[in-house]
Amino acid sequence: MTSRIPRDSRLRLVRPRPLAAAPAAMQQRRARRPAPRPPEGTPAPAELAGMARSVLAAAARVARWADRALGPGGDSATADGKATLSDATARRAADALGLTTDQVRADWDTARLAGLIEVHGDSARPGWRLRAWDRDDSAVLRGWVALCDAWSLACPEPEDHEPAAVAEVVTAMPQVLSFLQLSAGPVPVPQLLDLLEQRVTELRTERCEVDYEPRPGTPAVAPEPRPAPAADAPLQPLLDWALRALASVGALTYGDGQATLTPLGSWAVWVKLEQICVAAQSPAGNIEQGAEDMLRGCAQLRPAAARAEYRAWLAARPVGSAVTELIAAARGEDALLRGLAFEALRVVGAPAEPEVRAALGEPALRPYALLWLAEHDGMDAEDAHEVLTREEATWLWVDTAAAVADHGEAPLLLRHLETAVQPTVPSLLDEVRAVGHPRTVQVLVALAAAHPDPAFAKAVRRAAFQVHKGG
């Protein structure tokens, strides 16, 4: 058989594909669930984005001012390193924008919650959503949803209330919002209060459950049950606070003793419920799984469906613990899960940045973290690979090849060969051996077995043997 590839041929250079390329290519086709339709009367996405831009217009104005006035080498944005706008900066912004300092501070906080501004230490920089503000409706809607999810921070909570009671109301409000969405119209506040009280009672009952089963080796005496919590102050002030806070972010209107979801609020509630339903209907039941099992369940999904699963999984747990779980999954031995974990972290967005930045110190995660941060800063996904050094790019190439070898097929591994940054086969093999990836031998053996050119396969097997022997 005549070799179709010269012994020392130059690899065909192609633009490096995003990390999702390998998992996406190995995904199997499956029956697609029909795209769900939003409730009748829901405005089109472009119209919803216009509403979100209107709600966030003042915040975007302050963010753009900060982009111009607080760039590198300018004044510090904050005084305490905790994102609180300094007095001097607030006065400068108020003078420039014709606002009061209180208005500036409120708009600043809104811009931070919506991801239009990101604060790092004493400096501020525009978020990627601000860069995409005028051209990307989905980015605008994601920014508004981030603000809506943080509604409890948008309005000071009532004084003289126990933190536990406030937390109970925050936990119960999704059910109240779902009821508003199903009602599709004004709902009297007394009816919402009755629903809130029922849900809070359920939460307190769940916390007071006692396991009366005796432990092995202990007398079969039931432990003394904990008393039910004493009745707290009425929930009316906390419901009033929650409705005012949700109204301030544009999720509902509140007045005359009733509340009504806005089109944006109704759409957001529907999206959240749809995401949870999609995940709950998946064969693996991903929403109930830990990060590793969830990622494995998503490996067979198409990219859009996988992102929906990530969003639903994230919606069902605190963002901090979710990010920690995803980073832990990325540290495992399965390279496919590593790539998928960072895809899920892209869905998380700004709240994941501290842990992703901390991952820069771990060689196995550094290339993924660098790409995540580059895209988070607004770089196009097609160009993000430019932030990697040659060694980091090679390490990532081997890691992705390991994912392909473990979960893909031979043709995909051969296509992955074409994405190498090295111009020739010898230089590729030299640099792959030099980066010291723990899966180098397995990757080279799999590549040799898949390649149709005997000369190429022989060279790769020799390289694998040398790595195996420590050469």
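Trainee: Which element gives the largest share of the lining of the second largest pocket?

Mentor: This is a predicted model. The second largest pocket holds about 380 Å³ of space. Among its 17 lining residues, those closest to the centre are Ala106, Asp109, Thr110, Leu113 and Ala154. Two elements, helix H3 (57-69) and helix H5 (101-113), each give two or more residues to the lining. The largest share is six residues, and the element that supplies them is H5.

Trainee: How many residues of that lining are nonpolar, and how many are polar or charged?

Mentor: Ala and Leu count as nonpolar, Asp as charged and Thr as polar, and residues of these types stand closest to the pocket centre, including Leu113, Asp109 and Thr110. For the lining of the second largest pocket, the division is 12 nonpolar, two polar and three charged.

Trainee: Is Trp241 buried or exposed?

Mentor: A residue is buried when its relative accessible area is under 20%. Trp241 has 0% relative accessibility, so Trp241 counts as buried.

Trainee: What kind of aromatic pair do Trp151 and Trp241 form?

Mentor: The structure holds two aromatic pairs. In the pair of Trp151 and Trp241, the centres are 5.4 Å apart and the planes are at 50°, which is described as tilted. Trp151 lies in the loop between helix H7 (137-149) and helix H8 (163-183), while Trp241 belongs to helix H10 (residues 236-248), 90 residues apart. Trp151, at 7% relative accessibility, counts as buried. The kind of pair is tilted.

Trainee: Why is the pair of Phe342 and Tyr368 stacked?

Mentor: Planes under 30 degrees apart count as stacked. The ring centres of Phe342 and Tyr368 are 5.5 Å apart and the angle between their planes is 25°, so the pair is stacked. Phe342 sits in helix H15 (residues 335-348) and Tyr368 in helix H17 (residues 366-376), 26 residues apart. Both residues are buried, and the value that makes the pair stacked is the plane angle of 25°.

Trainee: What share of the residues in the protein is buried?

Mentor: The protein has 22 helices and five strands. Of the 471 residues in the protein, the buried share is 44%.

Trainee: Among contacts between residues at least 6 apart in sequence, what share joins residues at least 24 apart?

Mentor: A contact has heavy atoms within 4.5 Å. Among contacts between residues at least 6 apart in sequence, the share that joins residues at least 24 apart is 66%.

How values were computed. Residues are numbered from 1 along each chain as its sequence is written. This is a predicted model: local features need pLDDT of at least 70, side-chain atom pairs count only at pLDDT 80 or more; totals for chains, interfaces and linings use all residues. Side-chain values use heavy atoms; hydrogens and water are left out. On a 1 Å grid over the protein atoms alone, a cavity is a set of points where a 1.4 Å probe fits but cannot get out, and a pocket is an open set with protein on both sides within 12 Å along at least five of seven lines; lining residues have an atom within 4 Å of a point. Grid points are joined across faces, edges and corners, and a volume is the space filled by probe spheres set on the points. Helices (H or I, at least four residues) and strands (E, at least two) are DSSP runs, numbered from the N terminus. Buried means under 20% relative accessible area, exposed over 50%, partly exposed in between (1.4 Å probe, protein chains only). Rings of Phe, Tyr and Trp (its six-membered ring) pair if their centres lie within 6.5 Å; planes under 30 degrees apart count as stacked, over 60 as edge-to-face and the rest as tilted.
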